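Colleague: Please take a close look at one part of this model, the charged side chains that pair up, and then follow the chain of neighbours from there. Keep the wording simple, and give the cut-off whenever a term comes in.

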Amino acid sequence: MTPRSYAPSQKVLHWVVAILVVVLVPIALAMANLPDGALKNALYEWHKSFGLTVLALALARLLVRAARGAPPLVAGLPAWQRRAAHASHLALYALIVAVPLLGWAGTSACCAPVMLYFTLPLTLPVSGGMPVGEAILRVHQVAAFTLVALVLLHAAAALHHHLVRRDGTLRRMLPGRTG
């Protein structure tokens, strides 16, 4: 049975992941451009921890979506927009899993240990040292920029639905709303 609206858990997971992704971008830019030191190291640790949190929440999102499904797209969308919506959502889900996995693997290879919030060691058994780690982290960076571009496209589409089409697409993902 297809649900008529998103469950509160789906909305919370959506917005928490969105906020974390938005927070991760300036942290990544800052840590990459700061000179070596305590601040840079702290930003790397926060970036890794937030990334692992995004991965856990993304997996939870996928489980909830598999169990509950999602409401259908609004009526009246042209076929190309339906295909674009499905393709972009699939890409967003893939990237919110792949980007943190790549970062985790790359960091585990080159720069262990990986600590979750400075306490819990979660280093993956990836060998190869710095050359392998750097190669994986280059893919992580490209995937992350792709994710940012898709998030911007996703937000623009949501605003288009809300401000131009006025069809309730955005409202149905807002907390406390049924669309």
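Modeller: R165 is partly exposed, because its relative accessible area is 30%. Buried stands for under 20% relative accessible area, exposed for over 50%, and partly exposed for what lies in between, with a 1.4 Å probe and protein chains only. The areas come from the Shrake-Rupley method with a 1.4 Å probe, and for residues only the protein chains shown count as cover. This is a predicted model, in which local features need pLDDT of at least 70 and side-chain atom pairs count only at pLDDT 80 or more, while totals for chains, interfaces and linings use all residues. Residues are numbered from 1 along each chain as its sequence is written, and side-chain values use heavy atoms, with hydrogens and water left out.

R165 pairs with D167 in a salt bridge, with 3.1 Å between the closest N and O atoms. A salt bridge here is a side-chain nitrogen of Lys or Arg within 4 Å of a carboxyl oxygen of Asp or Glu. D167 is partly exposed too, at 21% relative accessible area. R166 belongs to the segment after α4 (129–165), and with 63% relative accessible area R166 is exposed. Helices (H or I, at least four residues) and strands (E, at least two) are DSSP runs, numbered from the N terminus. R166 has a phi near 50 degrees, which is positive although the residue is not glycine. Most residues other than glycine have a negative phi, and most peptide bonds are trans.

The whole structure holds three salt bridges. In one of them, D36 meets K40 at 3.8 Å, N to O. D36 is exposed, with a relative accessible area of 73%, whereas K40 is buried, at 12%. In another, the side chains of K48 and E45 come to 2.9 Å, N to O. K48 and E45 both sit in helix α2 (residues 38–68), three residues apart, which is about one turn of the helix. K48 is buried at 13% relative accessibility, and E45 is buried at 18%.

K48 leads on to helix α3. Neighbours within four places in sequence aside, T107 is in contact with K48, A112, V114 and L137, where contact means heavy atoms within 4.5 Å. T107 is part of helix α3 (residues 79–110), and at 11% relative accessibility T107 is buried. The T107 side chain also reaches the backbone oxygen of G103, at 2.8 Å. For such a polar contact, a pair of N or O atoms must lie within 3.5 Å; within protein, one must be able to donate a hydrogen and the other to accept it, and residues adjacent in sequence count only if both atoms are side-chain atoms.

A112, one of the residues that T107 touches, is joined to P113 by a cis peptide bond, with omega about 10 degrees. P113 is in the loop between α3 and β1.

The next loop to look at lies between β1 (115–116) and β2 (120–121), and F118 is found there. F118 has a positive phi, near 65 degrees, in a residue other than glycine, and at 42% relative accessibility F118 is partly exposed. Together with W46 and Y117, F118 makes a nonpolar surface patch of about 280 Å². Patches are made of residues with over 30% relative accessible area and no salt bridge; like charges are joined within 9 Å, and nonpolar side chains (Val, Leu, Ile, Met, Phe, Trp, Tyr) within 5 Å.

The rings of these residues come up again as pairs. Rings of Phe, Tyr and Trp (its six-membered ring) pair if their centres lie within 6.5 Å; planes under 30 degrees apart are stacked, over 60 edge-to-face, and the rest tilted. By this rule there are four aromatic pairs. One of them joins W46 and F50, whose ring centres are 5.6 Å apart and whose planes stand at 45 degrees, so this pair is tilted. Both W46 and F50 lie in helix α2, four residues apart, about one turn of the helix. W46 is partly exposed, at 36% relative accessible area, whereas F50 is buried, at 17%. Ring pairs tie W46, F50, Y117 and F118 into a cluster.
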